[in-house]
Amino acid sequence: MSALTDSPAWRALEAHQRTIASRHLREWFAAEPDRAARHSLEGAGLFVDFSKHRVDDRALDLLHRLAVQQDVEGWRDRMFSGEAVNTGEGRAALHTALRRPVSMPLPVDGVDVMPAVAEVLGRMRVFCEAVRSGDRRGHTGRRFTDVVNIGIGGSDLGPAMVTEALQPYTDDCLRVHYVSNLDAADLATRLASLDPEATLFIVCSKTFTTIETITNADTARQWLLAAMGDPRATGVHFVAVSTNLEGTRQFGIDPDNVFGFWDWVGGRFSLWSAVGLAVMLAIGPCAFDELLAGARAMDEHFLQAPLERNLPVRMGLLGAWYTNFFGAASHAVLPYDQRLHRLPAHLQQLEMESNGKSVDRQGRPVDHATCPVVWGSPGTNGQHAFYQLLHQGTQLIPSDFIIARQPHHSHPQHHRLLVANCLAQTEALAFGKTGDEARAELAMRGVAGERLELLAANQTFGGNQPTTTLVLEQLDPHAVGALVALYEHKVLVQSALWNINPFDQWGVELGKKLALRIGACLLPSAVPAAGLDDSTRALIDRLRT
């Protein structure tokens with residue numbers, strides 16, 4: 001056993017889980033009339049109901065002891081102060097500095113990083129205001145009507161999610177699009193509806209070597225130049241978010257049109273940086289400031305709230321409780337807001353790329369589960385797709401339900417039904433329906449005998465599925481910032497609990513290297529490289545012909 005799984009806190013949690021594993025949420029609510037009030041927390045404008053979880057006071061106390069044992073607060077403080085918490089790469093993870101007040105110095109390796117943060121944000125504001133006002137125009141003098149962000153992973157998922165979430169705050173005169181997939185269908189479909197003279201491209205790649213991004217950018221440049229016929233158009237219609245000034249210069253982008261960031265900004269944590277340039281273009285600098293303010297409010301809550309009242313800590317602990325002590329292998333994220341339909345995809349990268357690790361900080365194999373599979377889609381669509389599995393399947397699947405109190409639209413009947421469905425699903429998942437209840441309902445409808453027993457078996461719901469309900473006042477920039485930062489900090493909490501480094505992603509690299517090798521073999525005249533397995537060689541032959 002490892003030091004973690006053999007530790008007093010871990011063993012105490014294992015023992016306590018065995019004593020309460022068979023208890024049902026019906027019992028807990030019956031015994032605690034004030035359970036909802038006692039297990040609800042607030043922070044940064046979010047209200048979160050944790051009452052429908054399979055925990056009692058003893059379980060929470062033991063989980064807090066695990067957090068203390070694993071130094072969750074210490075890792076949090078070291079991250080915020082700029083220490084090298086990315087132990088694998090020996091550097092800081094300071095995405096929180098991107099939303100920190102610029103007047104508060106933050107030295108990293110003896111250099112205050114805040115002036116550089118302020119300088120990039122200032123340049124972003126000037127650029128976005130010029131584009132949005134029409135002062136900055138295309139090569140032929142046409143006003144930009146469309147912006148295409150070309151990136152992948154953290155350079156796409158987070159910004160695209162936020163842009164869609166905040167659509168009510170966007171400028172109708174400037175449409176922002178996102179292209180990420182290497183499949184040319186993604187880019188070609190988007191370009192087919194655009195006017196080259198009125199299209200601005202953002203090439204978002206820290207190294208400016210990401211194969212998917214650079215391939216798409218090259219194709220977009222060819223499309224532009226085919227229409228313009230003047231190579232100088234590249235420098236007007238393309239800007240970059242990158243640290244590779246030589247690479248961007250060779251592409252044809254002027255250094256004044258390159259927005260940089262730093263190696264202490266991980267891709268999946270980067271939407272607050274220049275990677276969010278497309279977001280700022282879409283919603284404007286003032287709304288982007290509110291997005292940063294919401295994230296900063298959650299940062300302050302994470303830093304200041306005690307463990308017992310700390311939202312990211314509670315979310316991280318409960319996730320570990322089910323993953324490690326109940327054997328839950330997946331976690332559903334179910335936003336009851338269509339504008340958050342891309343949130344599960346963003347959280348997949350944020351959580352699974354961060355904590356999908358099998359080696360601890362010391363390089364030793366772990367002997368416990370780490371990150372579950374994160375998945376989901378918006379309600380109510382999911383209710384007609386996979387909720388059957390949640391209600392009557394054989395797996396324990398904790399779920400997050402997200403709902404806004406106020407909608408942006410003027411259709412109150414829709415929102416009332418949406419809220420009703422959200423709350424009904426959490427109630428049904430928690431309490432289910434017993435066999436006796438099913439029989440009584442069927443009997444009232446006149447069903448009897450074998451038919452009654454058959455239907456009762458199929459209409460019994462076990463319940464006892466844990467859910468968290470997150471309530472936003474409205475899906476505005478401040479709330480979106482706080483929500484995303486909440487999940488970011490949940491990642492940090494769980495990485496500390498599991499003693500893993502959440503800020504590297506070596507598993508992403510192997511496939512990239514092999515793809516370059518195999519790509520050369522797919523050329524018509526190529527001979528498959530030595531060392532390829534028989535299956536890959538056969539597939540190369542099939543796909544090449």
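**Strands and their neighbours**

Tutor: Strand S2, residues 46-49, and strand S13, residues 467-474, run antiparallel and are joined by three bridges, where strands are DSSP runs of type E with at least two residues, numbered from the N terminus, and two strands pair if DSSP finds at least two bridges between them. Within this pairing, Phe 47 has Val 471 of S13 opposite it. Before going further, please note that the model is predicted, that local features need pLDDT of at least 70 and side-chain atom pairs count only at pLDDT 80 or more, while totals for chains, interfaces and linings use all residues. Residues are numbered from 1 along each chain as its sequence is written, and side-chain values use heavy atoms, with hydrogens and water left out.

The pair S2 and S13 belongs to an open sheet of six strands, and reading across this sheet gives the order S1-S2-S13-S12-S10-S11, with mixed pairing. At its edges stand strand S1 (40-43) and strand S11 (373-375), and because each has a single partner strand, one side of each is left without a neighbour in the sheet. From one strand to the next, the twist averages 20°. Helix H15, residues 343-355, lies across strand S10 (330-335), S11 and strand S12 (399-406), and H15 runs at about 165° to S11. Here a helix is a DSSP run of type H or I with at least four residues, contact means heavy atoms within 4.5 Å, and angles, from 0 to 180 degrees, are taken between the N-to-C directions of axes fitted to C-alpha atoms, for helices over the stretch in contact.

There is also an open sheet of five strands, with parallel pairing, whose order is S6-S5-S7-S8-S9. Its edges are formed by strand S6 (175-179) and strand S9 (258-259), and since each of these has a single partner strand, one side of S6 and one side of S9 are left without a neighbour in the sheet.
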